[in-house]
Amino acid sequence: MKHIIRQVFHSGKFVVGFCIFVTILLVVIIYPLFITDSPLAILGQGTFFPPGIYVSTFDSINSPTTYTLDLNDAAAVRIANKLSSDDRLAIKDWLLVAGIPEDQIDITDTKKLLDQWSSNYDPKKNIPGMTNAKRNYFVRLDNSLKGLLSAEGAIIATKNPETGILEQTGIVNQSDYVNINQVASVRWLPLGTDNFGRDVLNELVKATVVSLQIGFVAGIIATLIGLTLGLLAGYIGGIADDVIMFITNLFTVIPSFVLLILISFSIGQEQRGAFTIAVVIGFTSWVWTARAVRSQVVSLRNRDHVNLSKLSGHSIVHIILTDILPYIASYVIMALILQISSGILAEAGLSILGLGPRTTDVPTLGLMMNWAMIYQAQILGKWWAYFPVLLTIALITFSMNLMNTGLDQVFNPALRD
Amino acid sequence: MADEKKLCLSGSGITKVFGIGRQKTVAVDHVDFNFYEGEIISIVGESGSGKTTLAKMLLGLISSTEGDIYFLGQKRDISSQKKKQEYWKNIQAIFQDPFSSYNIFNKIDSVLLDCIHMRGGRKLPYAKKVELMSEACSFVNLKFEELTNKYPFELSGGQMQRLMIARIFLLKPKILLADEPTSMIDACSRATILDMLMQLRDETGMTLIFITHDIGLAYFVSDSVYIMEHGKFVESGTADEVILHPKEVYTQRLINDVPKIYEEWDLSTV
Amino acid sequence: MANVMLEVKELTTKYITRFGEDVYAVDHVSLKVEEGKALGIAGESGCGKSTLALSLMGYYFAPLHYTSGEIIIDGRNISGMNPDEVRKSILGKEIAYIPQAAMNALNPTRKIIHFIEDVIQEHELYITKKDIYDRARKLFETLGLPAEVLQKYPVELSGGMKQRTVIAISVLLLPKVLIADEPSSALDVTSQKMVIKMLRQLMETGLISSLIFITHELPLLYNVTDDIMVMYAGQIVEKANSKEAVFDPIHPYAKGLMGSIIVPEKGLRDVKLTAIPGVPPNLKRPPAGCRFAERCKYVQPECKVHSVDLRELEGGRTYRCIFSEEQLRKAYQNG
């Protein structure tokens with residue numbers, strides 16, 4: 001046994017797959033220990049906030065200490081943030097129409113450009129061929145540029161609750177800074193938020209756990225059913241074999257995914273928990289395990305060591321447990337790994353069709369894909385809503401298949417090099 | 001002498017049919033036999049003659065389609081697991097391929113311990129069991145101390161087959177069925193295996209049934225010989241009768257086709 | 001003196017294992033086969049007889065590697081030749097090889113005649129199918145094989161017929177030396193006899209000049225060959241003519257091997273079979289002295305010190321032992 005395990009870990013493919021899988025497992029185990037927020041809590045008012053660190057504006061203003069930093073490029077960075085190169089080109093277009101010769105326009109010279117803009121821009125003026133959207137764009141641009149070059153600070157005013165008059169309580173200068181560590185409320189959203197405004201990373205970790213659970217439950221159910229039926233059919237033979245193989249063949253010719261869809265649909269949205277889905281997947285995917293186990297057992301049944309075990313007076317249970325199972329154990333473990341990864345994929349497939357577990361309990365990888373698809377994340381370019389999910393599914397199934405190939409190389413002498 | 005011989009295993013009309021309908025094949029076709037106690041019997045046949053199927057029926061590993069087998073004058077009853085276990089205390093086997101005869105996950109100790117347990121020695125103190133196992137191993141020229149905690153596949157083919165004999169030594173069955181026990185091992189080890197089997201028979205007085213395709217081996221070891229062709233016994237009798245003076249055409253052909261060294265081998269007959 | 005068809009001088013070949021260890025499976029083997037003679041090679045499994053057969057072809061592929069020595073076929077030295085060259089001009093024409101399970105090498109989807117066309121067209125470019133067919137039919141008739149076989153698929157033939165067909169195909173180009181490695185071991189006795197008969201026919205009709213026959217079944221070997229060479233652990237331990245080798249072996253190992261022969265003949269029941277205890281040495285680490293010393297009944301301390309050379313007796317008989325012939329014979333008499 002030790003020897004076999006050592007051999008397994010000598011297989012490069014297995015080790016790589018194992019490392020990826022264990023890393024994923026460790027992440028999904030350790031992450032919830034530190035981040036205890038509910039994965040389905042809605043944080044954002046709005047859809048698809050991009051990844052980043054969110055700092056409370058109110059808390060920044062009311063930060064206990066402010067620091068004055070004289071940074072040379074602060075103004076330039078601020079301007080660049082508001083006035084992108086696309087905006088500059090749009091300004092140039094306007095100025096050209098307004099009759100300024102091209103050689104006098106320098107889009108890199110921000111001050112001159114803004115001067116020319118403020119003296120030439122007229123919201124009522126109409127450029128031939130200009131769309132409504134473009135007109136609105138120029139209005140927006142004009143508003144955002146106001147005060148861009150001013151060195152004045154911003155005034156903070158609070159309303160006097162008695163008089164209702166605004167009173168100046170402070171001023172925020174352009175050179176005022178707060179330390180992000182001293183701001184009371186900061187939230188890092190490494191993968192942004194999804195369509196409901198939920199933290200994608202938090203959701204992803206929980207979804208991975210649930211999907212793995214679904215995969216394991218489905219895989220173990222499928223393998224157990226397949227193993228039992230295969231052992232019975234193979235070892236007992238005769239009529240038992242014929243009956244079991246008849247049922248197995250029936251299941252083989254019905255595409256299991258279609259069966260899965262029909263069963264999920266008939267259960268109904270409200271009854272479909274994650275566990276129910278796992279059981280349904282398990283009950284529809286045992287066929288190949290059963291067939292494979294049966295054929296292995298049939299060839300083992302006639303081997304001399306089984307005959308010898310019989311002659312030693314061992315019971316059928318003993319023979320199956322000690323003389324048959326160990327010989328097919330490696331095969332069954334490989335089948336289990338494949339079943340787990342295909343269980344995860346089957347859940348994702350079902351959920352994308354809207355037939356996955358009900359959406360109110362827990363997220364699954366499939367459900368996350370489903371939500372991202374419904375809210376058109378892929379069209380809007382909100383990659384953080386679906387790409388990490390895809391990557392997780394791919395990594396899980398890839399690592400499991402890699403482990404499977406590695407095991408195959410160890411246990412199948414024909415593939416050994 | 002002849003009237004003193006006691007029937008050990010006999011059968012009449014033993015038939016085994018595999019498959020149903022059009023795929024029906026008759027592997028063993030109404031064979032009759034009388035094996036006497038203490039005899040060495042050879043069942044000789046080419047591959048596909050049904051000799052291994054017959055062996056499995058004798059062992060009770062598969063049931064016969066027709067016919068009854070009588071053990072010590074009584075109809076053999078192996079209808080339940082318990083009765084089978086009782087029967088298997090009396091009949092044991094050595095198989096052709098030593099490499100597939102052992103469970104590769106079980107250690108040699110457990111192979112031998114199984115035999116002690118089967119002989120009712122489950123409650124013996126461990127030291128006594130070790131003593132029994134060492135005795136069995138030394139009978140076949142193996143050292144138990146070297147084998148303990150080893151796996152059968154770490155041995156050579158000849159050693160494995162000897163371990164099989166050690167098993168029989170512990171079990172002391174009334175009948176030993178040896179299915180091509182030497183065909184997978186080298187000629188030099190063959191003599192060792194045969195010697196040990198003969199010695200074991202002399203000590204225990206067991207009945208020895210050889211299943212073989214090697215007519216030379218059958219002649220060398222056995223008292224009576226049964227020649228099998230297409231599931232039927234075509235000729236039987238003492239070894240000298242059958243092999244030196246064959247009556248049936250099939251037997252004659254079989255003996256003719258085996259290479260000779262003392263006499264001229266007539267190649268013109270094929 | 002008859003024409004020497006195959007001469008091997010001190011041939012050594014080795015296997016290189018996955019772990020880079022060298023296993024010398026053929027260790028300084030010298031032999032000579034004269035025209036019209038058949039040489040038999042005997043020994044237990046793992047003694048290097050099949051490796052010797054492979055090595056004799058001069059065509060090496062991993063893990064088998066050529067180390068040293070010469071192979072001379074009809075005066076032409078082929079050792080150290082480029083493998084492609086060997087395949088083109090030696091294999092099939094000068095030397096033909098029938099491996100153990102040759103009959104399973106036939107592609108089941110092609111007719112027998114197609115294999116024959118392949119072989120002949122490889123060497124004679126401008127030959128018509130008609131000519132090939134005529135030639136094949138003539139050969140098959142000479143060897144007593146029905147010509148209908150040519151138009152059949154391998155699966156339609158019995159094992160014995162397939163094996164004989166493969167042998168017939170291998171002698172199509174009239175090789176000088178045929179190496180047959182256990183050509184009959186997977187067959188029933190009747191087919192085996194037919195194969196043996198065919199090998200004798202090949203020699204008698206002159207289709208091949210000499211034969212090297214390898215088998216672990218000594219009665220077969222005795223019936224086919226003129227000389228028998230006994231191999232043990234990669235070395236030759238005895239070489240003599242068939243009769244002497246079987247009935248009067250000198251080397252203790254050959255003695256043991258010949259003493260284990262069982263044939264269904266009168267008087268055999270009274271013969272005591274000899275048994276050789278133990279297992280052959282591991283060729284990764286061969287013993288320094290005589291390789292058989294560990295299992296030999298007559299072993300002396302000096303046996304294990306130095307490697308033992310072949311001794312040659314009158315009449316070309318050789319054996320590898322430190323004792324003289326008389327000493328050994330005396331030892332055998334005393335048991």
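A residue is called buried here if 20 or more other C-beta atoms lie within 10 Å of its own, and with that in mind, let me take you through this structure, which is a predicted model.

I will start with chain B, where buried residues make up 46% of the 270 residues. Chain B has eleven helices and ten strands, and its C-alpha trace spans about 60 × 45 × 45 Å along the principal axes. A compact globule with 270 residues would have a radius of gyration near 18 Å, and the 19 Å of chain B agrees with that. If we take the contacts in chain B with a separation of 6 or more, 67% of them are accounted for by residues 24 or more positions apart.

Chain C can be described in the same terms. Chain C has ten helices and twelve strands, and its radius of gyration is 21 Å, close to the 20 Å that the globule rule gives for 335 residues, so chain C is as compact as a globular protein of that length. The box filled by the C-alpha atoms of chain C, again taken along the principal axes, is roughly 70 × 50 × 45 Å. Of the 335 residues in chain C, 44% are buried, and residues 24 or more positions apart account for 63% of the contacts in chain C with a separation of 6 or more.

Now, how do the chains meet? Two pairs of chains touch, and the pair with the most contacts is that of chains B and C. Chain A and chain C, by contrast, are joined by no contact, and their closest C-alpha atoms lie 9 Å apart.

That brings me to the contact between chains A and B, which takes 14 residues from chain A and 16 residues from chain B. On the side of chain A that touches chain B, α13 (304-311) and α14 (316-352) of chain A each supply at least two residues, and it is α13(A) that gives the most, with seven residues. Sorted by class, this side of chain A has three nonpolar, seven polar and four charged residues.

Let me turn to the nonpolar cores. Which residues touch the most other members of the largest nonpolar core? In this core of 178 residues, they are B:Leu177, B:Ile209, C:Val177, C:Ile179, C:Ile212 and C:Val230. The element that gives the most to this core is helix α7 (residues 157-171) of chain B, with nine residues. If you look at B:Leu177 and leave aside residues up to four places away in sequence, you will find that B:Leu177 touches B:Ala55, B:Leu58, B:Leu59, B:Ile91, B:Ala93, B:Ile209 and B:Ile211. There is also a second, separate core of 65 residues, which includes A:Phe14, A:Leu231, A:Met368 and A:Met403.

Finally, a few words on chain A. Chain A is divided into domain 1 (2-44 + 195-415), domain 2 (64-69 + 150-189) and domain 3 (84-145), and the C-alpha centres of domain 1 and domain 2 of chain A lie 55 Å apart. Helix α7 of chain A, residues 132-145, has 14 residues and reaches 20 Å from its first C-alpha to its last, close to the 20 Å expected at 1.5 Å a residue. Is this helix, α7(A), largely buried or largely in the open? Of its 14 residues, the number buried is one, so α7(A) lies largely in the open.

Note on methods: Residues are numbered from 1 along each chain as its sequence is written. Chains are lettered from A and ligands numbered from 1 in the order in which they are written. This is a predicted model: local features need pLDDT of at least 70, side-chain atom pairs count only at pLDDT 80 or more; totals for chains, interfaces and linings use all residues. Two residues are in contact if their C-beta atoms, placed from the backbone, lie within 7 Å. Helices (H or I, at least four residues) and strands (E, at least two) are DSSP runs, numbered from the N terminus. Ala, Val, Leu, Ile, Met, Phe, Trp, Tyr, Cys and Pro count as nonpolar, Asp, Glu, Lys and Arg as charged, and the others, Gly among them, as polar. The radius of gyration is taken over C-alpha atoms; the globule rule is 2.2 Å times the number of residues to the power 0.38. A residue is buried if 20 or more other C-beta atoms lie within 10 Å of its own, exposed if 12 or fewer, and partly exposed in between; C-beta atoms are placed from the backbone. The expected span of a helix is 1.5 Å times one less than its number of residues. A nonpolar core is a set of buried Ala, Val, Leu, Ile, Met, Phe, Trp, Tyr and Cys residues joined through C-beta atoms within 7 Å. Domain bounds come from an automatic or database domain assignment.
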